[in-house]
Amino acid sequence: MTKPDSLIFDMDGTLWDNVDSYTIAWNKGLEIKGYRSQVTRYELLGLMGKEAHVMLNTILPNASATEQDELFDEVIRQYQLLIPGMKPHIYEGVYEGLEKLSEEYPLFLLSNCEEGGLVNFMKHTGTTHLFTDYMEHGQNLKPKAFNMKLLKERNNLQHPVYIGDTDSDSKASADAGIPFVFMSYGFGKTDNYAFKFDSFPQLVDYFLNI
C-alpha cells in the first residue's frame, strides 16, 4: 500500500464507546413517543455503523416512515440533553495518538451518525483543532461510500485510508476504492482489510514510522 497522505477515522467503536449514552437516548425517545419496547446496549452494538433508517427498521419494523422519523428526532433531542453529563469511554491512546498523527497527516472524520454527531464528539473530546474536515450521514443521507468519495474529492486527497471497526466500514471503503484499516477492539468483525490493529497506540506507531 502507498503511504497515505491522509487518515479518515470512523467514530463509534474506533475512537470511543458511547453506546451507553445512545441506549439511554433511544429508550427515553421510545418512552416519550409511547412505545413499550426498549433496546439494550447489546442490541445497539449490533447496529453501530448502520444508517439511521436501518436502525429504525430494526427497532421499529412495523412503524411508518413518519413515525420512525418522529422517533429519531426525539432520540436526537434526548441525546443532546445527555451530552453535558455523559461519560463515554475514550479508547486508550486516542487523545495522545491523534495529537501525534495530526503533526504528520491531515486527519478527517466520517461517520453514519446524525447531523452534528461528529461535532459533538470533537467538542466533547476537545479535538476539533486536530481535524481538517468531516462528513456525517445526517448531512446528506447518503451512504458511507458516497461520503467517503465526497470527502476525498472535496479535500483533494490522493491516498487516504479509512480507519474503522466493522464489516460495513470495510465494504464502504472497498466501494469507495480506499484501503481499509481495521481496529479489532471495536464493535464488529471483518476479514477484509489492508491492515489490522488491536489498539490505537499500535496504529499510531505504525503510521508514524511507515
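Reader: When is a crossing of two helices left-handed, and which hand does the crossing of α5 and α10 have?

Author: A crossing is left-handed if the near helix is turned anticlockwise from the far one by less than a right angle, and right-handed if clockwise. In this predicted model, the axes of helix α5 (residues 94-102) and α10 come within 9 Å and cross at roughly 15°.

Reader: Is α5 roughly parallel or roughly antiparallel to α10?

Author: Angles under 35 degrees count as roughly parallel and angles over 145 as roughly antiparallel. The axes of α5 and α10 cross at roughly 15°. That angle makes the two helices roughly parallel.

Reader: Which residues of α10 meet α5, and how many residues of the contact are nonpolar?

Author: From α5, the contact includes V94, G97, L98, K100 and L101. Their counterparts in α10 are F200, L203, V204, F207 and L208. By class, one residue of this contact is polar and one is charged, while the nonpolar ones number eight.

Reader: In what order do the strands of the open sheet lie, and which stand at the edges?

Author: The open sheet consists of six strands with parallel pairing, in the order β5-β4-β1-β6-β7-β8. Each edge strand has a single partner, so one side of it is left without a neighbour in the sheet. On average, neighbouring strands are turned by 20° against each other, direction ignored. The strands at the edges are β5 (131-136) and β8 (195-197).

Reader: Which residue of β8 is the bridge partner of V181?

Author: Strand β7 (residues 180-183) and β8 run parallel and are joined by three bridges. For V181, the partner in β8 is F195.

Reader: At what angle does helix α8 run to β5, and at what angle does helix α10 run to β8?

Author: Helix α8 (residues 144-154) packs on the sheet and touches β1 (6-9), β4 (107-111), β5 and β6 (160-164). Helix α10 (residues 200-209) lies across β1, β6, β7 and β8. The direction of α8 makes about 150° with that of β5, and α10 runs at about 135° to β8.

Reader: How is α8 placed against α9, and which hand does their crossing have?

Author: The axes of α8 and helix α9 (residues 167-176) come within 8 Å and cross at roughly 50°. The two helices are therefore oblique to each other. The crossing is right-handed.

Reader: How many charged residues does the contact of α8 with α9 hold?

Author: K144, A145, M148 and K149 in α8 meet D169, A172, S173, D175 and A176 in α9. Four residues of this contact are nonpolar and one is polar, and the number of charged ones is four.

Reader: Is α3 roughly parallel or roughly perpendicular to α4?

Author: Helix α3 (residues 52-59) meets helix α4 (residues 65-82) through A52, L56 and N57 on one side and Q68, L71 and F72 on the other. This contact has four nonpolar, two polar and no charged residues. The axes lie 10 Å apart and the helices pack at an angle of about 110°. That angle makes α3 and α4 roughly perpendicular.

Reader: What kind of aromatic pair do Y91 and Y185 form?

Author: The model holds 12 aromatic pairs. In this one the ring centres are 4.8 Å apart and the planes stand at 55°, so the pair of Y91 and Y185 is tilted. It links distant parts of the chain, 94 residues apart: Y91 lies in the loop between β3 (89-90) and α5, and Y185 in the loop between β7 and β8. The name asked for is thus tilted.

Notes. Residues numbered from 1 in each chain as written. Predicted model: local features only at pLDDT ≥ 70, side-chain atom pairs only at ≥ 80, totals over all residues. Heavy atoms only, no water. Pairing = 2+ DSSP bridges. Helix = DSSP H or I, 4+ residues; strand = E, 2+ residues; numbered from the N terminus. Axes fitted to C-alpha atoms, helices over the stretch in contact; angles between N-to-C directions. Contact = heavy atoms within 4.5 Å. Parallel < 35°, antiparallel > 145°, perpendicular 65-115°, else oblique. Nonpolar A, V, L, I, M, F, W, Y, C, P; charged D, E, K, R; others polar. Phe/Tyr/Trp six-rings, centres within 6.5 Å; stacked < 30°, edge-to-face > 60°.
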